[in-house]
Amino acid sequence: MVDPSADEICSWSNSVTQFMADYLGDLRDRGVYRHMVSRAIRKRLDPALPIDGSDFDELLKFFREAIVPFSRQNAHPRMFGYVQSPGTPLGAFADLLASTLNANLTVWRSAPAPVELERLTIDWIRQILGFKAEAGGLFVSGGSMANLAALAAARQTKYDSSGRLRIYASTETHFSISKAAALLGIGRENVRLVAVDERFKIRVDDLLAKITADLEAGYLPFCVVANAGTVNTGAVDPLAEIREIADRFQLWMHVDGSYGGFAVLAESAKKLFAGIERADSIALDPHKWLYLPVDVGCVIYREPEIARAAFAHEAEYTRIIGQQADEAFAFWDYGPELSRRFRALKVWMLLKGVGLDYLGEAIESNLACARHLESMVRASNDFEMVAPIELSIFCFRHVSAQLRNGSPQAIDAFNERLLIALQRDGSSYLSNATLGGRFALRGCVLNYRTTSPPCVVAAQAELARRSSLGASAFVAGGAQRFHLSAQYHHPWTDAFVFLRRPCDCPIDRALVDKALKLFVSAQAQHLFAATGCVSLPQIEQDNFK
């Protein structure tokens, strides 16, 4: 098993690639999520310490039967939770090749060609962002590590050990900034949270007020963090204005573009990122909007030598001997990691393989899907948007006529139950956000497979009993197959189903009838259906007995 023959390697690879083809081939017909409990999964795992080995077919069979069905299917086109990339087959093969070569990208001498490829790929990203030629950076595990590295470099510009350093970031900033401040010894309490406006962008007036107040109180402001796509709503802060404030107070400007940074490739979003090229550092996640499999994050420094002053360390056992300056390059001088896998290969293969035009079009399609969802919600009587759409994140909630007369807490509680029901059903997957103190259903379109408008589905008797309308499903063009395939694998019992067709597209009556048979079991209590082009009678409970 450790050193297989060439024939064995071919056999294993054939089995794995066949699994990949089958898995991705019927991905749309799978559920996104399967309701499960930890104990049930643990029962499937053999806890005994393995003494004797197993053959490869057994290992693959276990993966296929015990791991895949009990995992969230992140590549699914209706996976809208969090900020989740679908991955790409090209990226998966690149990871296989990188693991086969097993290059360790510490210094040039350890992996000459892989190091050069990473430096080239980082330069491509620099060009995408519009940074000057002297900018540089490296790949890291993800946005959190990129933020940590950037703040470590920022601290180098105004080092102080008395606990007076101050970082400024909006209330919508990712928690990894506060975590990095704690790890760097700056302290969570020294991350000053700045208010946001009605679009959830940082308020420049409040930023100025907090910096001024801290200076008067004897603190030492050193860094302001701007968001290029917040994780809650996708808001992009006014980057050019923040740069002006950073210059005025001699602050390091860091941009967290982990989610939204690569949306600069989409023509319709490009204007949002004006000024991003003037940042001192930026965090990016190719494993988000370059659609790559985890893990690969990226940090770009406008002046890499400042980062080198923060991270460089010499030891006799790593001393570089007999190399010219170019060949003496060490990635460990620019980030916290020493051992580093060949993450650059999948980024290079994706950019080289598909090109920027395709990526820009795919991101543009994701933005359009989110905007379409927003238009559907605004046209609805029972749903409402909770935040405006900037990129591809949409935040909304269900508010029926009955709920509108209830308390805000009742609306929040209903939508929490709705979210749980939706996730457990598995046909679509949303996550949540709290905005302005109110609970919201939150989705993020971040998948090149999501080509039709996002479909939100939730149907469960407990929710129906508490609402005159129950949970609603948006049915738009191309969504019919979605309902059939999803519910065929996830039959609903005790279901309350409401179908709405908000756009002009024909719906086949026979298809709807077939859908009803799949949707409703003998135990169903209520069913209402309205498609806009066929009129189906209400089916009484007795009809199912």
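How many helices and strands does the secondary structure of the chain come to? The chain has 17 helices and 13 strands, where helices (H or I, at least four residues) and strands (E, at least two) are DSSP runs numbered from the N terminus.

**Basis and confidence**

This is a predicted model, in which local features need pLDDT of at least 70 and side-chain atom pairs count only at pLDDT 80 or more, while totals for chains, interfaces and linings use all residues. Residues are numbered from 1 along each chain as its sequence is written, and side-chain values use heavy atoms, with hydrogens and water left out.

The mean pLDDT (the predictor's confidence in each residue, from 0 to 100) is 85, and 82% of the residues reach 70 or more. In residues 454-505 the pLDDT falls below 50, although this stretch has 153 contacts in the model beyond near neighbours in sequence; a contact means heavy atoms within 4.5 Å. Residues 519-545 also have pLDDT below 50, with 55 contacts beyond near neighbours in sequence. Where pLDDT is low, the predicted coordinates should not be read in detail.

Of contacts between residues at least 6 apart in sequence, 75% join residues at least 24 apart.

**The seven-stranded sheet**

An open sheet with mixed pairing takes its seven strands in the order β1-β7-β6-β5-β4-β2-β3; two strands pair if DSSP finds at least two bridges between them. β1 (136-140) and β3 (191-194) each have a single partner strand, so one side of each lacks a neighbour in the sheet. Ignoring direction, neighbouring strands are turned by 20 degrees against each other on average. Axes here are lines fitted to C-alpha atoms, for helices over the stretch in contact, and angles run from 0 to 180 degrees between N-to-C directions.

β1 and β7 (residues 297-301) run antiparallel and are joined by five bridges, with G137 opposite I300 in β7.

**The four-stranded sheet**

A further open sheet is antiparallel and has the order β8-β9-β11-β10. Its edge strands, β8 (383-385) and β10 (431-435), pair on one side only, and the twist averages 45 degrees from one strand to the next. Within this sheet, four bridges join β9 (residues 393-398) to β11 (residues 438-444), and C395 stands opposite R442 in β11.

| α8 (residues 204-216) | β2, β3 and β4 | about 145 degrees with β3 |

**Nonpolar cores and burial**

Buried residues (under 20% relative accessible area, with exposed over 50% and partly exposed in between; 1.4 Å probe, protein chains only) make up 53% of the 545 residues. A nonpolar core is a set of buried Ala, Val, Leu, Ile, Met, Phe, Trp, Tyr and Cys residues joined through side-chain atoms within 4.5 Å. The largest has 107 residues, and I167, W289 and I300 have the most contacts inside it. Helix α12 gives the most to this core, with ten residues. Not counting residues up to four places away in sequence, I300 touches several residues, including I122, F131, G137 and L284. A second, separate core of 21 residues includes L373, F396, F414 and L441.

**Cysteines**

The whole structure contains zero disulfides, a disulfide being a pair of cysteine sulfur atoms within 2.5 Å. Among the cysteines, C10 is partly exposed at 44% relative accessible area, whereas C298 is buried at 0%.
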